[in-house]
Amino acid sequence: MLAAKPIPIVEEIEGKIYVLSGTPWQAECLLPVPTFEVYDPSIEQWKPLPEPPFHEQRLPRSQIYKAIYHSVVRTTIYVLALSDRDYSDYYYSYNVNEGNWKLVGKSVDKLPVPYPFTPLCVGKFVLAYNDIFIYIQFNRVYAAMIPSNDKSSPTRYQHLYEVDGDLLNRDVPSIRGVVVDLGEHEMCIMQSGITDSEHDKLGPCCSILYITTFKVEKLLHSSSSAQARGLKLLKTADAFDVSQTSSHHDNDVQDIRAPFLSITLLSKGFYDLDAWGPEAPHICSAFFHQLH
């Protein structure tokens, strides 16, 4: 890179890697410039991009903004930045094709995307389906079926308890996870956290990484049609109770509880990260590339 990036936001969009500086290591530190750049693997070069409004002032970060959360919708990056002056949230967007930053507003309701696509969540589309979005919110993993053409149809949600159940049962607060598309129907969830229970077999204050891979299949409309096709219906995750979501979420969807996906776990496990020491683990990003 052209400059170091503390706790960076890293995303792959249309074959290029975009990297944005996050929160500085110390409040009094200045962020190295450029704070935003892109890598083009076709020419193996880094290129600086327009400085975001929340990083453009050359003042100590404690007096302006900190980029804390983000999301990507197609070719647009949305960033939630926290102001240390008034402790308010500001939402910004950057379209990689237009090449400019825009202030969207101070409320998540101002974002022109469904709730799972906002910086309050992190997720990816299932490659095999253009309407199934797997995302993490508040230490839980959900699936959203988002209508592509019929805007009158509600977005449907499902809690994937098979995927996050072990993490919830061990009472491990997750700091920030990532969702990785492994191709076709397969997905991967990576969540880091710190054990806070004295009864946890790893002990309290132990850094861990939870990784699970799973296969996603849409449910058929009836078991008879499934049998006719020679398929076995798998155990499905619980439907998501949208009543627990924010007002932005509630306004967008209706409470439809019928599961629409079957989940097949491929692997899962906890990994002890004692080598990291007392620092809280933070996953910036993860990518999957299959060699042919």
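**Confidence, strand pairing and salt bridges in the predicted model**

Among the elements of the protein chain, mean pLDDT is lowest for helix α2 (residues 223-228), at 37, and highest for β4, at 97. Residues 58-63 also fall below 50 in pLDDT. Beyond near neighbours in sequence, that stretch has 20 contacts in the model. A further segment, residues 222-255, stays under 50. For residues 222-255 the model has 70 contacts beyond four places in sequence. The structure is a predicted model. The average pLDDT of the protein chain is 77, and 68% of the residues score at least 70.

Four strands form an open sheet in the order β1-β2-β3-β4, and their pairing is antiparallel. The edges are taken by β1 (9-13) and β4 (45-48). Each of these has a single partner strand, so one side of each lacks a neighbour in the sheet. From one strand to the next, the twist averages 20 degrees. In a regular strand, side chains alternate between the two faces of the sheet.

Five bridges connect β1 with strand β2 (residues 16-20) in the antiparallel sense. Two of the residue pairings can be named. Glutamate 11 lies opposite tyrosine 18 in β2. Isoleucine 13 has lysine 16 in β2 as its bridge partner. The two strands form a hairpin, with two residues between β1 and β2. Glutamate 14, in the turn, has a positive phi of about 50 degrees.

On the next pairing, β2 meets strand β3 (residues 36-40). This pair is also antiparallel and spans four bridges. Tyrosine 18 stands opposite valine 38 in β3.

A second hairpin involves β9 and β10. Six residues join β9 to β10. The two strands pair in the antiparallel sense over four bridges. Lysine 124 has isoleucine 134 in β10 as its bridge partner.

Aspartate 131 forms a salt bridge with lysine 218, with the closest N and O atoms 3.0 Å apart. The pair links distant parts of the chain. Aspartate 131 sits in the loop between β9 (122-125) and β10 (132-137), whereas lysine 218 belongs to strand β15 (residues 207-218). The two residues are 87 residues apart. Aspartate 131 has a relative accessibility of 14% and therefore counts as buried, because buried means under 20%. Lysine 218, at 29%, counts as partly exposed.

The search of the whole structure finds six salt bridges. Among them is the contact of lysine 215 with glutamate 217, whose closest N and O atoms are 3.7 Å apart. Both residues count as partly exposed: lysine 215 has a relative accessibility of 32%, and glutamate 217 has 25%. Another salt bridge joins glutamate 98 to lysine 102. In this pair the closest N and O atoms are 3.5 Å apart. Lysine 102 counts as partly exposed, at 43% relative accessibility.

Definitions and conventions. Residues are numbered from 1 along each chain as its sequence is written. This is a predicted model: local features need pLDDT of at least 70, side-chain atom pairs count only at pLDDT 80 or more; totals for chains, interfaces and linings use all residues. Side-chain values use heavy atoms; hydrogens and water are left out. Two strands pair if DSSP finds at least two bridges between them. Axes are lines fitted to C-alpha atoms, for helices over the stretch in contact, and angles run from 0 to 180 degrees between N-to-C directions. A salt bridge is a side-chain nitrogen of Lys or Arg within 4 Å of a carboxyl oxygen of Asp or Glu. Buried means under 20% relative accessible area, exposed over 50%, partly exposed in between (1.4 Å probe, protein chains only). pLDDT is the predictor's confidence in each residue, from 0 to 100. Contact means heavy atoms within 4.5 Å.
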